[in-house]
Structures are given as C-alpha cells and as structure tokens.
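This report goes through one protein model, starting with its strands and ending with its ligand. Please look at the sequence and the 3D view before reading on.

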Amino acid sequence: MSDDLETLRQETLAALAAAADRREWDAIRVGTLGKSGRLTALLKELGRMTPDARKLRGAAVNRLRDELSRAIEERGAAIEAEILNARLVAERVDVTLPTPPDRTGMIHPISRTMEEMTAIFGAMGFRVAEGPDIETDWHNFSALNTPDHHPARTDQDTFYLPAEGSGGNRARVLRTQTSGVQIRTMLAETPPIRIIAPGRTYRADHDATHSPMFHQCEGLVIDRGITLAHLKGCLTDFLRAFFGKPDLPVRFRASYFPFTEPSMEVDIGWSRKSGEIGGGGDWLEVLGSGMVHPRVLANCGLDPREWQGFAFGMGIERLTMLRHGIPDLRSFYESDVRWLRHYGTSPLSPALLHEGL
Ligand code: DAH
C-alpha cells in the first residue's frame, strides 16, 4: 500500500477509535466516504489515470474503501450500543425502591368511583356485567318498553349508526344508557340475578353539565318475591356507604321510566347553600330506580308471575362531582395532570368504603 493510502487508513482508524458520539462519528463518515470525502477523492482520481496505473492503484484504493467502510459501520454500531448501555444504566429502575412521590400515577376519579361502587355492591352479593357500547336499538330502547315516540329516541339525543347489513337505518345506536345490559343479562342467565353494569354511555349533548360521552352504573336484581322494600333498603345502604354518612337522609319520589313500574327517583339530603351532603333540609336527585316492568321481564322470556325485580341507574360523573365537590363536568376529560393529581387517588389505596356497610 502506498504511503498516502496507509496514512489515510491510519488516520481514519485512529479518528474512529477516538470518536465519542454520533456527531463525531458522522463527521468521520462524511469526511471519508461523503461526496467530497478523502477516499471519494482518491476514487475520483482513478478515472483520470492511464489504464495501467489505474489497474495497479485501483485494487489498493478499492480494498481500502472496503476496509474503511466496514470499520465505519462497525464503529457506528458500537457507538449506538454504548449510547444504549449508558441509557440503560442511567435510567435503571430499582423496583424494590419506593416510587418518588412526583412520579406516582393516579387513578382517575371516574375509575375510582366505579371501583367503589363495585366494592359496595360486591359486598351485597352483586357482580359486574358488561354490554357493548354499540348497542342495537332493540336492546337500548324497544326491549326496555320505550315507546316509538319517546323523546329519548329522537336524533337530538341519540347517536344512530348505520345498520349492519340490511335493516332500518336506526337499527344500531351508541348506547344512551347502561339499561340494555339488564336485557342482555336476563336473556343470557336464569334468575336469581344480581348485577351492576358500570360503563360508557353516549348522548348528543355538550355543556357544563353534559358530555357526549359519560358513564353510568346500572343495577338489576331479579328473584322470587322481590319488593319495593328490597329496592329501598339496597339503595339506602349504597348511598350511605358511598357518601360515607351512615345517617344520610334518603328519599324515594314517584317518577316515570318506561322500563319500571312503579318508578322512583332517589334524592339525598343536602344543603343548597353550602353544597354540603347530608344535612341542610334540601333534597338533591341522585338516581333513578323502580320495579322492573312486567313487559320488560316478558320481553326477556321471564314470567312476571314468577319473577320480580328492581333496577336502578345512576350517573357516575354526577355522583363523583357531588362526592368530591368537582364543579365542572368537562374537567373529567381534559387530561390535566394537575387536576388528576388533585382529584385522583393513589393506585395503592384500596376501595374500602364498603367496610362502612
Ligand atoms: N336509564 C335511566 C337513564 O339513563 C336511568 C335508570 C332509571 C335506570 C331507572 C334504571 C331505572 O334501571 O330503573 O336516565
């Protein structure tokens, strides 16, 4: 190898060995093999040589190009590995150490409320049932004895989806309530049934107290000899446990839902002035309930002379706002970490409220 080639070889290999990071390595790569690199210049010179001289020199220059290309590639890979190793050392996590307080994730208050509801109703023998967010019109409305002209069915409130295959263009909806899970459960199981169904629901509505997507928790009990007394006892116990107030005033007020007869809205005592739950002489509506309508039982193949039951439904955001004094519904979905830090719960604290039962 002629002297100039040997010099280039040694200088390049020495520079590569000394390259400390990606930038230095890249400068060597470009300075050697780039458009105006030193080796590229030598390759270009070959074109200007006589055939004999080119033959002699060409073989040596090409061998050097192969050697340096390989060396550059290898050093590049080694630098990447060094960077990765340095990161692995620097970012090493010792899972046996306690997490620094500023790095702890928080459970979103919606998830937390669902956990607490599950804990409280779980202690009363309920289990969690689920249904799809995209529901058939039949499960969401018809089977629940909702008349065709009911306002909930208007396009204003309900997101309708194109039907699967052929069928009316209203055959599928984003479920407007979790009540359809009642139907699915009664069709799939034989009583006795005791379920709650927390989950997402959708309505075409958006302001400080309404969101197009929100959460509800449905409840259903089906058995022989179920009466209004069971409904009242169950929901009173639930509300007192959820708000952590054993003497919370609870009032049942006659109302109307298509799927229950009789139907009742449930109010809790609070103070309109201070917003405090429990006292103050005012009433605040918190959920809907009733005895399952005989027609709904029959729609699910159950004989209403043999089986009775009660059902209830509540807004998870609403109950969470009341419990924690959260003023604006929209803040639930803004993913503001400061908000979450304030209203969130440590993942390590269990939902122990049901112990108050
Ligand atoms: N589905 C009702 C709503 O979205 C809530 C509801 C009321 C559910 C009474 C029930 C019930 O199961 O019995 O407003």
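How many bridges join strand β7 to β8? Seven bridges join β7 (residues 250-257) to β8, and the two strands run antiparallel.

## About the model

The structure is a predicted model, in which local features need pLDDT of at least 70 and side-chain atom pairs count only at pLDDT 80 or more, while totals for chains, interfaces and linings use all residues. Residues are numbered from 1 along each chain as its sequence is written, and side-chain values use heavy atoms, with hydrogens and water left out.

Helices (H or I, at least four residues) and strands (E, at least two) are DSSP runs, numbered from the N terminus. Two strands pair if DSSP finds at least two bridges between them.

## The seven-stranded sheet

β7 and β8 belong to an open sheet of seven strands, in the order β1-β5-β6-β10-β9-β8-β7, with mixed pairing. Its edge strands are β1 (127-128) and β7, each of which pairs on one side only. β7 is joined to β8 by a hairpin through two residues. Across this pair, Ser255 stands opposite Ser263 in β8.

Further along the order, β5 and β6 pair in the antiparallel sense over 10 bridges. Here Ile195 is opposite Leu220 in β6. β6 is also joined to β10 by eight bridges, again antiparallel, and Gln216 has Gly315 of β10 as its bridge partner. Between β9 and β10 there are five bridges, and these strands run antiparallel. Leu287 stands opposite Met314 in β10. In a regular strand the side chains alternate between the two faces of the sheet.

## The three-stranded sheet

Another open sheet has three strands in the order β2-β4-β3, with antiparallel pairing. Why is one side of β2 and of β3 left without a neighbour in the sheet? β2 (134-136) and β3 (160-161) stand at the edges and each has a single partner strand, so one side of each has no neighbour there.

Three bridges join β2 to β4 (residues 172-174).

## Backbone exceptions

Most residues other than glycine have a negative phi, and most peptide bonds are trans. Asn145 has a positive phi, near 65°, and lies in the loop between α6 (137-140) and β3.

Two cis peptide bonds can also be found in the model. One joins Pro191 and Pro192, with omega about 5°; Pro192 is in the loop between α7 (180-188) and β5 (193-202). Another joins Glu261 and Pro262, with omega about -5°. Pro262 is in strand β8 (residues 260-270), the strand that the hairpin joins to β7.

## The ligand site

Where does the ligand sit? The ligand sits in the largest pocket. A pocket is found on a 1 Å grid over the protein atoms alone, as an open set of points where a 1.4 Å probe fits, with protein on both sides within 12 Å along at least five of seven lines. A molecule sits in a pocket if more than half of its atoms lie within 2 Å of its grid points.

Some polar contacts (pairs of N or O atoms within 3.5 Å) can be listed. A ligand nitrogen atom is 3.0 Å from an N or O atom in the side chain of Ser179. An oxygen atom of the ligand is 3.2 Å from a polar backbone atom of Ala311, and an oxygen atom is 3.4 Å from a polar backbone atom of Phe312. Taken alone the ligand exposes 360 Å², of which the protein buries 89%; these areas come from the Shrake-Rupley method with a 1.4 Å probe.

Methods:
Polar contact = N/O pair within 3.5 Å; in protein donor to acceptor, adjacent residues only side chain to side chain. 1 Å grid on protein atoms, 1.4 Å probe; cavity = no way out; pocket = protein on both sides within 12 Å on 5 of 7 lines; lining within 4 Å.
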